[in-house]
Structures are given as structure tokens and as C-alpha cells.
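Dear colleague,

Please find the structure below for your records. My notes on what was found in it follow directly after.

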Amino acid sequence: MIATESLSKRFPKVTALDRLTLDIGAGVTGLVGANGAGKSTMIKILLGLSPATEGTASVLGLDVATSGGQIRERVGYMPEHDCLPPDVSATEFVVHMARMSGLPPAAARERTADTLRHVGLYEERYRPMGGYSTGMKQRVKLAQALVHDPQLVFLDEPTNGLDPVGRDEMLDLIRRVHTDFGISVLVTSHLLGELERTCDHVVVIDGGKLLRSSSTTDFTQTTTTLAVEVTDSDEHPDGTGALRAALGARGVTTQDDGGGLPGAGHIVLLDAADEAVYDFVRDTVADLGLGLVRMEQRRHHIAEVFRTGHEQHGQRENHEQHEQHGHHGQPENPSGRPAAPTTTPPAPQTGGAQR
Amino acid sequence: MTAETPPAHGAHGADASRIHNIGYRTYDGPRLGRAYATRSLYSQSLRGAYGLGRSAKSKVLPMILFGVMCAPALIMVAVAVATKADKLPVDYTRYAVLLQAVIGLYLAAQAPQTVSRDLRFKTVPLYFSRPIERVDYVRAKFAAMASALFILTATPLIVLYVGALLAKLDFPEQTKGFAQGLVSVALLSLLFAGIALVISAVTPRRGFGIAAVIAVLTISYGAVSTVQAIAHEQGGNDTAVQWLGLFSPITLIDGVQTAFLGATSSFPGGEGPSASVGVVYLLVVLALVAGSYVALMRRYRKAGL
Ligand SMILES: Nc1ncnc2c1ncn2[C@@H]1O[C@H](COP(=O)(O)OP(=O)(O)OP(=O)(O)O)[C@@H](O)[C@H]1O
Ligand SMILES: [Mg+2]
């Protein structure tokens with residue numbers, strides 16, 4: 001859907017994009033980066049509104065340098081800033097924008113009604129937009145980007161200014177734009193965490209450079225880790241240690257969730273390559289006469305994919321750290337190598353089957 | 001969109017969310033493109049210049065001014081018909097000059113609303129993210145403002161002309177005068193629209209726009225006519241009077257119509273520019289119109305996204 005080749009954009013004082021090469025397919029793609037990373041600049045170039053200093057880019061197979069008009073007919077754009085005149089109603093505004101996209105008057109009205117309903121605006125759509133909440137404004141901004149049924153939409157920080165509930169609703173809506181409407185999405189955010197759930201693919205840029213481009217499923221689904229917690233018994237005062245030893249003796253390598261810190265390792269981690277591992281662990285626990293407190297599959301939190309190698313082997317993972325990742329969502333060390341998923345400590349967040 | 005997505009429009013969406021949702025309908029109808037979008041923007045802006053399609057409050061001022069602009073024409077016509085006069089009390093070309101204050105007020109109120117709203121509320125990027133280009137936007141706005149002014153200035157001329165025919169005044173003479181009047185107000189509309197739009201587009205603040213438009217129109221006219229009067233009084237320097245007229249929009253139009261459209265000059269002494277100086281007037285008018293177009297194009301290059 002989108003391909004860039006060594007794309008650069010230099011302003012007199014800053015380099016906003018630095019030789020970025022990307023290939024983005026259909027689906028929901030997140031473009032993540034800190035403030036000033038070059039996300040909005042990238043969207044402007046993809047819309048054919050701002051020429052690249054160097055390199056090429058194409059959207060829907062059309063060259064942005066020469067076919068801007070055709071591209072803009074088929075894509076939608078939701079800007080990051082406010083763009084709604086306060087004295088007209090959402091309906092009037094979106095109808096006008098639909099006509100600006102080339103829809104005949106009757107179609108513009110019909111699609112406006114449909115689209116506003118899809119984004120969750122009902123009675124209030126006849127009222128002047130000046131009185132809308134931030135959440136409602138964001139919905140109107142989304143509606144004007146979708147009203148002409150584009151093949152692809154660019155959403156620039158759609159969750160900006162929303163409270164946690166509004167944010168979740170917006171993210172669900174974005175997901176539906178793809179699953180229900182069949183429209184591919186490029187959505188930007190400076191929060192890596194929030195895009196994990198919504199996106200099929202995440203591209204991380206920093207200072208205009210590509211840091212990482214990867215499928216979210218690569219990290220969140222294909223590599224599952226099994227976390228096992230057992231009770232202690234009279235026979236085995238250190239149940240966890242005993243299980244670890246027993247599994248080790250049977251050729252299963254385990255990791256220590258505690259990162260080797262004393263008293264921290266109450267959970268045994270191992271790679272669950274297939275279903276048989278579950279039975280194997282259950283049997284081992286039973287043989288030792290321990291109680292199985294829980295055994296659960298953990299998904300990797302996307303944030304850790306970008307963690308540095310140093311951290312993986314160092315500190316104990318804890319909730320606080322993950323909360324931080326959720327909020328800043330940026331790689332801790334932009335130059336750090338992404339971790340290999342299998343050696344990444346798991347997030348406290350659980351997912352998938354619980355047994 | 002490749003293999004996996006098109007079915008999403010139809011068959012693919014059989015999941016639960018599809019049921020709650022009345023279903024997304026795709027749009028397969030025509031997409032009319034740039035020219036249509038430009039025309040739509042033009043008509044929306046033109047209607048907006050009279051408050052149509054907007055709140056009742058925004059109709060008040062333009063409609064009142066429109067009424068004020070037409071009222072004298074109606075009265076003149078009524079008088080001419082009733083008294084069986086042999087000519088109308090004013091020339092067609094003189095009408096707009098007499099009512100220039102009304103035109104100025106209308107422009108000051110409507111030019112900022114035509115362009116600066118989009119700038120102030122940052123709606124401009126939404127236009128430029130669509131097939132429409134900067135040229136289309138500028139042309140649509142320019143044409144809308146000029147058309148709105150033409151409606152304001154030509155309607156009373158139509159009233160006068162119809163009245164003149166009802167009063168059975170000389171047909172060829174009236175028709176010629178009416179045609180000259182229309183050409184003159186067309187030129188006036190282009191010139192005034194261009195100047196007022198450039199002033200308004202520079203400031204996204206509506207209040208500043210209004211004040212600046214009024215200031216430019218009245219101060220320039222005030223200064224020019226005062227200096228002209230002084231030049232005329234002191235030694236009847238009519239060459240100076242001729243050239244001074246170049247420095248305000250309304251005297252420019254007055255000069256052009258005196259030189260080419262059979263108008264009587266409203267300059268002190270009643271002596272307008274000669275045909276050769278008139279060429280300069282015409283060139284200046286055209287240069288100002290073109291210049292404001294170029295200035296607007298530049299303004300929106302920056303306003304892009
Ligand atoms: N028109 C411009 N002229 C000069 N510098 C610019 C211009 N537009 C953007 N920049 C610079 O380019 C860099 C990237 O900006 P951009 O707006 O793309 O960042 P962003 O990732 O969208 O950030 P944010 O999260 O704040 O929206 C910034 O350093 C910015 O200052
Ligand atoms: Mg941005």
C-alpha cells in the first residue's frame with residue numbers, strides 16, 4: 001500500500017526524515033515515534049503535499065511526486081490538530097468535505113449520515129461543533145477522513161487529548177475501520193503501547209530514522225512463554241527450585257523470572273513450543289507432589305521488543321516498568337538492538353489460554 | 001488493496017461486530033474530481049458570502065447591506081416612472097461610486113469570513129488533503145468573492161435598467177449605459193475582491209481583517225480625494241489630479257470608466273484621465289487583480305499543511 005525508498009526530508013535546520021525505506025501492506029499499521037520524530041512530515045509527503053528532499057515514495061502504487069491528486073482521491077487524512085469550524089454542524093461540515101472529495105451532492109449527504117453513525121455520532125451531529133467534547137471532535141475528524149470511502153486513511157495522532165476510555169473507543173473504532181470497512185490504516189502515535197492492540201504492523205521511527213518495522217503478531221503471538229507457579233511442600237521446601245531441577249533433568253531449559261535476584265524467582269518460565277509441553281509440565285509437577293498454582297501462556301509485550309539487551313539480563317521485570325513502557329512507548333535506547341523474542345523476559349500481562 | 005481486503009467490504013465481515021453494526025456500505029458511485037470540487041467550493045463560498053447555508057445571524061448583515069445597496073435604485077426608478085422623467089437621476093456608471101461606502105462595509109464583513117475562517121480554524125489542510133489543489137482553492141474563493149460583489153453592485157443597475165424601460169426612456173441609450181455600467185462593476189468586483197481577500201488572508205483574526213479592509217479602502221480614498229481637492233484648488237493642477245487617482249481602488253475604477261466607459265468623472269473639477277492616462281489606469285487595475293491572485297497563491301503555499 002505504501003512503499004518508500006531512501007526517503008529523506010530536510011528542513012533548513014532539521015532533518016525530519018533520514019533515508020527511510022519502508023514497505024507497508026494492507027491492514028492497520030502504526031507509525032510510532034517521539035515528538036518531532038517525523039511522523040507528520042511522513043504523512044504530508046505521502047499525501048503528495050510536500051516534496052521529499054531525496055528518495056521516492058508510492059502510495060497505492062502511485063508515485064507521490066507525480067500522482068498526488070490521484071492519491072488524495074483515494075486516501076483519507078485526519079490531521080493531528082483541530083480543524084473544525086465551531087459554527088457549523090458536523091453534518092454540514094462532513095457533507096461539504098465529502099463534496100470536496102468529489103462525491104455528488106446526494107451521495108455526499110447519504111454517506112455523511114452513514115459515516116457519522118459509524119463513528120458514533122447521533123443526535124448531536126446537527127448541533128454546531130463548537131460545543132462538542134474532544135472525543136466527539138475526534139470522531140468528526142475521523143468521519144471526514146472516511147466519508148468518501150477511501151482505500152487507505154492516514155490518522156495523525158487520533159487518540160490525542162482523549163481520556164483512557166475515549167482512547168480505547170477510538171482504538172476500537174480504528175480497528176473496525178479495517179475489519180468492518182475494509183479500509184487500510186496508517187495511524188501515528190507516540191505511545192507504542194496503545195498501538196500494540198490495534199495494529200497488525202508497527203513501524204518505529206526516531207529522529208527521522210527507521211528504528212524497527214515489524215508485525216505485531218511476530219511478537220505477541222508466535223512466541224509464547226509458559227509461566228508456571230507451584231506451591232512448596234514438606235518434601236520440597238523450595239518447590240520452584242525443585243521443579244526447575246526436575247525439568248532441567250528431563251532436558252527442558254527454564255528461565256528465572258526473578259532475573260537471579262534472591263527470593264524473586266517464584267515463577268518458572270519455559271518456551272511452550274507445542275501442546276505436549278503443558279502435559280509434560282503438569283506430569284512433572286504431579287510427580288514431585290507439588291500443587292500447581294497456575295500455568296499460563298504469556299504474550300510478549302510489544303514494548304519489550306525494543307528493549308535493550310542490557311536490560312533483559314539485568315533487572316527484574318515488574319509492573320512499574322511496564323507501565324512506563326505503556327506510557328512513553330518509546331524505545332529506551334534508540335540505538336539498541338531489538339531483543340530476540342525467545343530471550344525477552346515476558347510481560348506481566350497475560351494473554352492467550354490460561355489453564 | 002491486495003488479496004485480503006476487498007472481501008472485507010462484503011462477505012468477509014461475518015463476525016459479531018458486523019451484526020451490531022448496521023453494516024458499512026462501500027461507495028461505488030462517481031467521484032467527480034477536482035473541477036467539481038472547485039465548483040462546489042465556489043458555490044458554497046458564494047452562498048456563504050450572503051449567509052446562505054449558515055446561521056440566521058450570519059445572514060443579517062449581508063442581507064441588510066444588499067437591501068441598502070438596492071433601495072436608492074428602487075426609489076430613483078419609482079420617481080422616474082411617477083414623474084415621467086426623460087432620464088434617470090444617476091448614470092449607471094456612477095451608482096457604485098456613490099454607494100462605495102456600502103460596498104466597503106460589505107467587503108469588510110464578508111471577505112474575512114470567506115477566507116480567514118478556514119485559516120483560523122485550520123480547515124485549509126483538509127481541503128489540500130483532497131484532490132483539490134492550491135490553485136483551485138484560490139480561484140474558487142476569488143471567484144466567489146468577486147461574484148458576490150458583482151451581485152451586490154449589478155443588481156441595482158438591473159433595477160435601474162428595468163425601471164428605465166418601464167419609464168419608456170430611450171432604449172439604445174439606456175442599454176448602452178447599462179452595459180457600460182455592468183463592465184465597470186465587473187471590473188470593480190474583481191479589483192475589490194482581490195484587495196480585500198489578500199488583506200483578509202494575511203490575518204486569520206476576523207476582527208483585524210474587518211478593520212484592515214475598511215482602513216485600506218477608506219484611508220486610501222480619503223487621502224487621494226483630499227490631495228486631489230488641494231491640487232485642484234491651488235492652481236487647478238488637473239494633471240496632478242489625474243495621476244493621483246491611481247492610488248485608491250475606487251478612484252482607479254472611476255478613472256477607467258471615465259476614460260473608456262463614457263462616465264463623467266467624480267474627480268474634483270470633473271476632469272478625469274484622458275484616454276492615454278486611462279490606459280495606465282486600466283493596466284494598474286489589471287496588475288492589481290493579477291497581483292492579488294499571486295499574493296493569495298503565495299499565502300496558501302505557506303498555509304498548506
Ligand atoms: N515546515 C517545517 N519547517 C521546518 N521544520 C519543520 C517543518 N515541519 C516539521 N519540521 C521539523 O521536522 C521535525 C519532524 O516534525 P514532525 O511534525 O514530522 O514530527 P512528528 O513526529 O509529527 O511530531 P509530533 O509527535 O510532535 O507531532 C521536527 O523537528 C520539526 O520541527
Ligand atoms: Mg505530528
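**A buried proline in chain B**

Pro156(B) counts as buried, because its relative accessibility is 0%, where the cut-off for buried is under 20%. Please note at the outset that this is a predicted model. Pro156(B) lies in helix 8 of chain B, which covers residues 134-166. Leaving aside residues up to four places away in sequence, Pro156(B) touches Met69(B), Cys70(B), Ala73(B), Tyr95(B) and Ile151(B). Gln100(B) is 56 residues from Pro156(B) in sequence, and the two C-alpha atoms are 13 Å apart in space.

**Two helix pairs**

Two packed helices are described by the angle between their axes and the distance between the axes. Both values are given here for one pair in each chain.

In chain B, the axes of helix 9 (residues 171-202) and helix 12 (residues 249-260) come within 10 Å and cross at roughly 155°. Angles over 145 degrees count as roughly antiparallel, and helix 9 of chain B and helix 12 of chain B are therefore roughly antiparallel to each other. Their crossing is right-handed. On the side of helix 9 of chain B, the contact is made by Ser184(B), Leu187(B), Leu188(B), Leu191(B), Phe192(B) and Ile195(B). Helix 12 of chain B contributes Pro249(B), Ile250(B), Leu252(B), Ile253(B), Val256(B) and Gln257(B). By class, this contact of helix 9 with helix 12 of chain B comprises 10 nonpolar and two polar residues, with no charged residues.

In chain A, helix 3 (residues 90-100) and helix 4 (residues 105-118) have axes that come within 8 Å and cross at roughly 130°. Helix 3 and helix 4 of chain A are therefore oblique to each other, and helix 3 passes helix 4 in a right-handed crossing. The residues of helix 3 of chain A that make the contact are Ala90(A), Thr91(A), Val94(A), Val95(A), Ala98(A) and Arg99(A). Those of helix 4 of chain A are Pro105(A), Ala108(A), Arg109(A), Thr112(A) and Leu116(A). This contact of helix 3 with helix 4 of chain A divides into seven nonpolar, two polar and two charged residues.

**Strand pairing in chain A**

Strands of a sheet pair through backbone hydrogen bonds, either parallel or antiparallel. Which strands of chain A stand at the edges of the open sheet? The sheet has four strands in the order 2-1-4-5, with antiparallel pairing. Strand 2 (15-24) and strand 5 (62-63) of chain A are at the edges, each with a single partner strand, so one side of each is left without a neighbour in the sheet. Strand 1 (residues 2-10) and strand 4 (residues 54-59) of chain A pair over five bridges in the antiparallel sense, and Ile2(A) stands opposite Val59(A) in strand 4 of chain A. Helix 1 (residues 39-46) of chain A packs on this sheet and touches strand 1, strand 2 and strand 4 of chain A. The direction of helix 1 of chain A makes about 115° with that of strand 1 of chain A.

Val202(A) has Ser214(A) in strand 10 of chain A as its bridge partner. The hairpin of strand 9 and strand 10 of chain A has two residues between the strands, and Gly207(A) in this hairpin takes a positive phi near 55°.

With kind regards

Technical notes. Residues numbered from 1 in each chain as written. Chains lettered and ligands numbered in written order. Predicted model: local features only at pLDDT ≥ 70, side-chain atom pairs only at ≥ 80, totals over all residues. Heavy atoms only, no water. Axes fitted to C-alpha atoms, helices over the stretch in contact; angles between N-to-C directions. Parallel < 35°, antiparallel > 145°, perpendicular 65-115°, else oblique. Left-handed = near helix turned anticlockwise from the far one by under 90°. Contact = heavy atoms within 4.5 Å. Nonpolar A, V, L, I, M, F, W, Y, C, P; charged D, E, K, R; others polar. Pairing = 2+ DSSP bridges. Buried < 20%, exposed > 50% of the residue type's maximum accessible area, 1.4 Å probe, protein only.
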